[in-house]
Amino acid sequence: MFVAMNVFTCEDEASARNLEAMFLKRSGLVDQQPGFLSFAFLKCAENPLRLISMSHWNSKEEFEAWTKSQAFEKGHQRAKESGKPSPHGAMKVANALETYEVVSHSVKGRE
């Protein structure tokens, strides 16, 4: 299994709220991609200006294929435009992609 996390650090609460709202309205195009397993959007309990978009994949290769697809471009179009001025102002967000190979994993009720 492979995990991709986009770690967002927002400069202010308004940007964090706007980012959260954007993910709540996400396109969901990734859900149909080969190798996709699950998605979660996380808000740090100790620092609400830190948020994480996390997806689980069967393999690194399937994740990379997703990032090169037209569906990826379409699904991320709003994110590209989020820095542009809007009625709510531009979001002030830094982000960093982190990827991980899963070494160990357990699920309650499964052996």
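How many helices and strands are there in the chain? Colour by secondary structure and count along: 4 helices and 4 strands. Keep in mind while you click around that this is a predicted model. Read along the sequence, the elements come in the pattern β-α-β-β-α-α-α-β. The chain has 111 residues, and buried ones make up 27% of them.

**Stop one: the sheet**

The 4 strands make an open sheet, ordered E2-E3-E1-E4, with antiparallel pairing. Strand E2 (36–43) and strand E4 (93–101) are at the edges; each has a single partner strand, so one side of each is left without a neighbour in the sheet. From one strand to the next, the twist averages 15°.

Now zoom in on E1 (residues 2–10) and E3 (residues 50–57). These two run antiparallel and are joined by 8 bridges. To pick out one of the residue pairings, select Val 7, whose bridge partner in E3 is Ile 52.

**Stop two: helix H1**

Bring the helices back and select residues 13–24, which is H1. Its 12 residues reach 16 Å from the first C-alpha to the last, close to the 16 Å expected at 1.5 Å a residue. Which residues of H1 are buried? Show the side chains of Ser 15, Ala 16, Leu 19, Met 22 and Phe 23: those are the ones. Look down the helix axis and you'll find these buried residues within an arc of 125°, so they line one face of H1.

**Stop three: Ser 15**

Stay in H1 and centre on Ser 15. Buried or exposed, at 2% relative accessibility? Ser 15 counts as buried, because the cut-off is under 20%. Ser 15 and Met 91 are 76 residues apart along the chain, yet their C-alpha atoms are separated by 4.8 Å. Then select Lys 92: its backbone nitrogen lies 2.8 Å from a polar atom of the Ser 15 side chain.

**Stop four: the aromatics**

Select the aromatic rings. Over the whole structure, a search finds 8 aromatic pairs. One of them is Phe 23 with Phe 41, which is stacked, at 4.2 Å centre to centre and 15° between the planes. Phe 23 belongs to helix H1 and Phe 41 to strand E2, so this pair ties together parts that are 18 residues apart in sequence. Phe 23 is buried, with a relative accessible area of 18%, while Phe 41, at 23%, counts as partly exposed.

**Last stop: Gln 33**

Finish in the loop between H1 and E2, where you'll find Gln 33. Gln 33 is buried, with a relative accessible area of 18%.

Key
Residues are numbered from 1 along each chain as its sequence is written. This is a predicted model: local features need pLDDT of at least 70, side-chain atom pairs count only at pLDDT 80 or more; totals for chains, interfaces and linings use all residues. Side-chain values use heavy atoms; hydrogens and water are left out. Two strands pair if DSSP finds at least two bridges between them. Axes are lines fitted to C-alpha atoms, for helices over the stretch in contact, and angles run from 0 to 180 degrees between N-to-C directions. Buried means under 20% relative accessible area, exposed over 50%, partly exposed in between (1.4 Å probe, protein chains only). A polar contact is a pair of N or O atoms within 3.5 Å; within protein, one must be able to donate a hydrogen and the other to accept it, and residues adjacent in sequence count only if both atoms are side-chain atoms. The expected span of a helix is 1.5 Å times one less than its number of residues. The arc is that of the directions from the helix axis to the C-beta atoms. Rings of Phe, Tyr and Trp (its six-membered ring) pair if their centres lie within 6.5 Å; planes under 30 degrees apart count as stacked, over 60 as edge-to-face and the rest as tilted.
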